[in-house]
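Hello,

Here is the structure I said I would pass on.

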Amino acid sequence: MADSAPLWAAAALPLLLAPAALAVACADGRSAAPVREVLRLLVQQPRRTRAADTLATRTGTVLLPLAAVLAAAVVPLGATPVSDLGDGVVWFNAMEALAWAAVWLTGWGPNSTLSLVGGYRFLAQGLAYEIPHMLALTTAALGAGSLRVTEIADAQRGLWFAVWMPAAFALYLLSAAAMSFWGPFGQPTGRDLAGGVAAELTGAGRLLLLGGRRLLLLSSAAMAVPLFLGGGHGPLLPGWAWTLVKTGAVLALLLWLRRRLPGVRMDRYTELSWVVLTPLAVLQALVVAVVVLP
């Protein structure tokens, strides 16, 4: 069991994640000048639609980056997370579920058809990816015999879980992109809906939603390191450096896939999830159970 980081680390976590999310935006290349875009949104006047539920909209836009930061609290930087919870895997998944509510509230609040359809798309997407995602998380916890994230990382000193749980690792990466409505799963903010859930957002609200989306992707990529890539264990470099290197490699892979894969229709992905991905995740969990359980 690793010690939790000091209390000041909890306050510093958002300050560390924000520039990292900005770096993801720069690497993504969709915006020519992310810093200038951030400044533009900060000074932009808010726009409201008729009969909008302002409280729901503001709650949703604030909840998304908050959920991403809280999810990152159990991710160890080297050997020490901000909070070393005994059920860290459950906490991480619960914060992802909170992101569901955030995106839905953001789509519902403006009283706009485009944003509402975007919210419904995300719900459909969530119903498709969540069960394989939970099974992938459970499989890693089963392999280590613990729900504590640091103990899962420690269980991979000899062999990474990604090596002998390849299906769970692949399903986790797929769901990481889906929960961040990223790349081929970007239909909730699709151009055919003029931005979907972000269609009616301006100013700080839009910045919080799009920034929260990148923070969620960053948190999910970082969580893949202790779950499947051995955490901070590695030769020569200190643990925190290995964590950053491995997280950067996972992010690079997700960014590369965004540029290579076309958008996915939710009805087809839902069918694929229920017919192929969920049985595959169950089979992977059964294989791990046979190996590790007496």
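Below is what I found, going from the whole fold down to single residues.

**Overall**

Keep in mind that this is a predicted model. The protein has eleven helices and zero strands. Of its 294 residues, 49% are buried. The accessible surface is about 13,600 Å². Carbon and sulfur atoms account for 69% of that surface. Contacts reach across the sequence: among those between residues at least 6 apart, 80% join residues at least 24 apart.

**The core**

The largest nonpolar core holds 61 residues. Within that core, L64, Y172, M223, L227 and F228 have the most contacts. Helix α9, residues 203-228, gives the most to this core, with eleven residues.

What does L227 touch, once neighbours within four places in sequence are left aside? The list is V89, L137, A140, I152, Q156, F161 and Y172. Y172 is also one of the residues with the most contacts inside the core.

**Two kinked helices**

Start with α3. This helix has 19 residues. From first C-alpha to last it reaches 28 Å, close to the 27 Å expected at 1.5 Å a residue. There is a kink of about 25° at L63, shortly before the proline P65. Both L63 and P65 are among the buried residues of α3. Others in that set include G60, L64, A68 and A72.

Now α5, residues 113-144. Just after α5, G145 takes a positive phi of about 70°.

**A buried asparagine**

N93 sits in helix α4, residues 88-108. Is N93 buried or exposed? Its relative accessible area is 14%, and the cut-off for buried is under 20%, so N93 counts as buried. Beyond its neighbours within four places in sequence, N93 is in contact with E130, H133, M134 and L137. L137 is also a contact of L227.

**Salt bridges**

Side chains of opposite charge can pair when their charged atoms come close. How many salt bridges does the count give? It comes to three.

- D84 pairs with R148, the closest N and O atoms being 3.5 Å apart. This pair links distant parts of the chain, 64 residues apart. D84 is in the loop between α3 (54-72) and α4, while R148 is in the loop between α5 and α6 (149-154).
- R148 also forms a salt bridge with E151, again with closest N and O atoms 3.5 Å apart.
- R157 and D154 meet through their side chains at 3.8 Å, N to O.

Salt bridges that share partners join D84, R148 and E151 into one network.

D84 is buried, at 7% relative accessible area. R148 is buried too, at 14%. E151 is partly exposed, at 30%. In the other pair, R157 is exposed because its relative accessible area is 60%, over the 50% cut-off. D154, at 34%, counts as partly exposed.

**V149**

V149 is found in helix α6. With 2% relative accessibility, V149 counts as buried. Which residues does V149 touch, not counting those up to four places away in sequence? They are V74, P76, G88, V89, M223 and P226. Of these, V89 is also in contact with L227, and M223 is one of the residues with the most contacts inside the core. The C-alpha atoms of V149 and P81 are separated by 8.8 Å, although the two residues lie 68 apart along the chain.

**Where to look**

Then view the network of D84, R148 and E151. Finish with L227 and its contacts, V89 and L137 among them.

Best wishes

Technical notes: Residues numbered from 1 in each chain as written. Heavy atoms only, no water. Core = buried A, V, L, I, M, F, W, Y, C linked by side-chain atoms within 4.5 Å. Buried < 20%, exposed > 50% of the residue type's maximum accessible area, 1.4 Å probe, protein only. Helix = DSSP H or I, 4+ residues; strand = E, 2+ residues; numbered from the N terminus. Contact = heavy atoms within 4.5 Å. Salt bridge = Lys/Arg side-chain N within 4 Å of Asp/Glu carboxyl O. Areas by Shrake-Rupley, 256 points an atom, 1.4 Å probe, with all protein chains shown as cover. Expected span 1.5 Å × (residues − 1). Bend = angle between axes of the 7 residues up to and from the residue.
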